[in-house]
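The following report goes through one predicted protein model, from its overall make-up to a few individual residues. Please keep the sequence and the coordinates at hand while reading.

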Amino acid sequence: MAQTKIIPGYPALMIEGDKKSLVITDLHLGFESNLSLNNIFLGKNKTVAEITKEIEKIIKKTKPDSLVLLGDIKSGIKSITKTEWETVPIFFESITKLIDIILVPGNHDANIEKLIPNGITLASSKGIIIDDILLTHGHTMPSENFSQVNTIVMGHVHPVFFQKESLINGERVWVSIKCKKQKIFHSKSGELEVIILPSFNRYFYATQKKFYKKSISPIIEKMDVIQAKIVTLDGTIIGNEQQLSSVI
């Protein structure tokens, strides 16, 4: 049975079974073009260089067999922006030299196939299964065909912790939720664990909840929470189901 482990200090998850799969989500490459409309300039290709360097560091440190990208590689939803035509190929050119990549498309990845090189496995947007774990972006409901899984690993909602007095107010966090399986897979009973990854893009944060737009997930909306853990990037548990509304 595969095990899931947080990589301490990074918004990255390792799934260890017969092989090791590194999982990250929500890069949103090319998002700088939206910021520039508000006269915020990060510098040309600055974010893609930072993200690429950090992923390379994690790969060299953990030595996984494959990298699973859980969607929203690019930032534009319906089209490919000029920035994305530049940044997304730069990213893949560097990372494909190091590791095999599986890409599960998210809701921002329309036409992503035009930006990826040969050799990358482009999976269905419904997700992939490793042992008893479903890896999916999180913007769609899982098919009943996946009902044998005991864990869902997803991104999409960019969990961030909001508590004004806290030192980590506005920081990205992990969320693990135990819920009733029947709410997601109607033919099954028992419990299901849903692990929500933080956005890999470090610029997806805010210090006040009213300024932070979260994505809506049908998985989150349907679930019946039994218990939950909210965990910092370094692995410290800082909250439970009572704080969920402050995070997702």
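A residue counts as buried under 20% relative accessible area, as exposed over 50%, and as partly exposed in between, with a 1.4 Å probe and protein chains only. By that criterion Lys-114 counts as exposed, at 53% relative accessibility, whereas Thr-52 is buried, with a relative accessible area of 7%.

The model is predicted, so that local features need a pLDDT of at least 70 and side-chain atom pairs count only at pLDDT 80 or more, while totals for chains, interfaces and linings use all residues. Residues are numbered from 1 along each chain as its sequence is written, and side-chain values use heavy atoms, with hydrogens and water left out.

**The chain as a whole**

The pLDDT, which is the predictor's confidence in each residue on a scale from 0 to 100, averages 89 over the chain, and 90% of the residues score at least 70. Over residues 35-41, however, pLDDT stays under 50, and for this stretch the model has three contacts beyond four places in sequence, a contact being heavy atoms within 4.5 Å. Of the 248 residues of the chain, 50% count as buried. The chain exposes about 12000 Å², of which carbon and sulfur atoms supply 49%; accessible areas come from the Shrake-Rupley method with a 1.4 Å probe, and for residues only the protein chains shown count as cover. Among contacts between residues at least 6 apart in sequence, 68% join residues at least 24 apart.

The secondary structure comes to five helices and 13 strands, where helices (H or I, at least four residues) and strands (E, at least two) are DSSP runs numbered from the N terminus.

**The six-stranded sheet**

An open sheet has six strands in the order S1-S2-S3-S4-S5-S6, with mixed pairing; two strands pair if DSSP finds at least two bridges between them. Its edge strands are S1 (3-6) and S6 (121-122), each of which pairs on one side only.

| Strands | Sense | Bridges |
|---|---|---|
| S1 and S2 | antiparallel | four bridges |
| S2 and S3 | antiparallel | four bridges |
| S3 and S4 | parallel | four bridges |

S1 and S2 form a hairpin with six residues between them, and Gly-9 in its turn has a positive phi of about 90 degrees; within this pair, Gln-3 stands opposite Glu-16 in S2. The hairpin of S2 and S3 has three residues between its strands, and Ile-15 has Ser-21 in S3 as its bridge partner. On the other side of the comparison, Leu-22 stands opposite Leu-67 in S4, and Val-23 stands opposite Val-68 in S4.Helix H2 (residues 46-62) packs on the sheet, touching S2 (13-16), S3 and S4, and its direction makes about 160 degrees with that of S3; the axes are lines fitted to C-alpha atoms, for helices over the stretch in contact, and angles run from 0 to 180 degrees between N-to-C directions. Four of the five residues of S3 are buried, so this strand is largely enclosed by the rest of the structure.

**Helix H3 and its cover**

The buried residues of helix H3 (residues 82-95) are Glu-84, Thr-87, Val-88, Phe-91, Phe-92 and Ile-95. They cover an arc of only 125 degrees around the axis, which puts them on the same side of H3; the arc is that of the directions from the helix axis to the C-beta atoms. An α-helix has 3.6 residues a turn, so residues three or four places apart point the same way. The face of H3 turned away from its buried side carries the exposed residues Lys-82 and Glu-93, while what covers the buried residues of H3 includes H2, S4 and strand S5 (100-103).

**Two residues in detail**

Thr-52 lies in helix H2. Leaving aside neighbours within four places in sequence, Thr-52 is in contact with Phe-91, Ser-94 and Ile-95. Thr-52 and Ile-90, which are 38 residues apart in sequence, are 8.9 Å apart in space, C-alpha to C-alpha.

Lys-114 has its place in the loop between S5 and S6. Not counting residues up to four places away in sequence, Lys-114 touches Ile-80 and Trp-85. The C-alpha atoms of Lys-114 and Ile-80, 34 residues apart along the chain, are separated by 9.1 Å.
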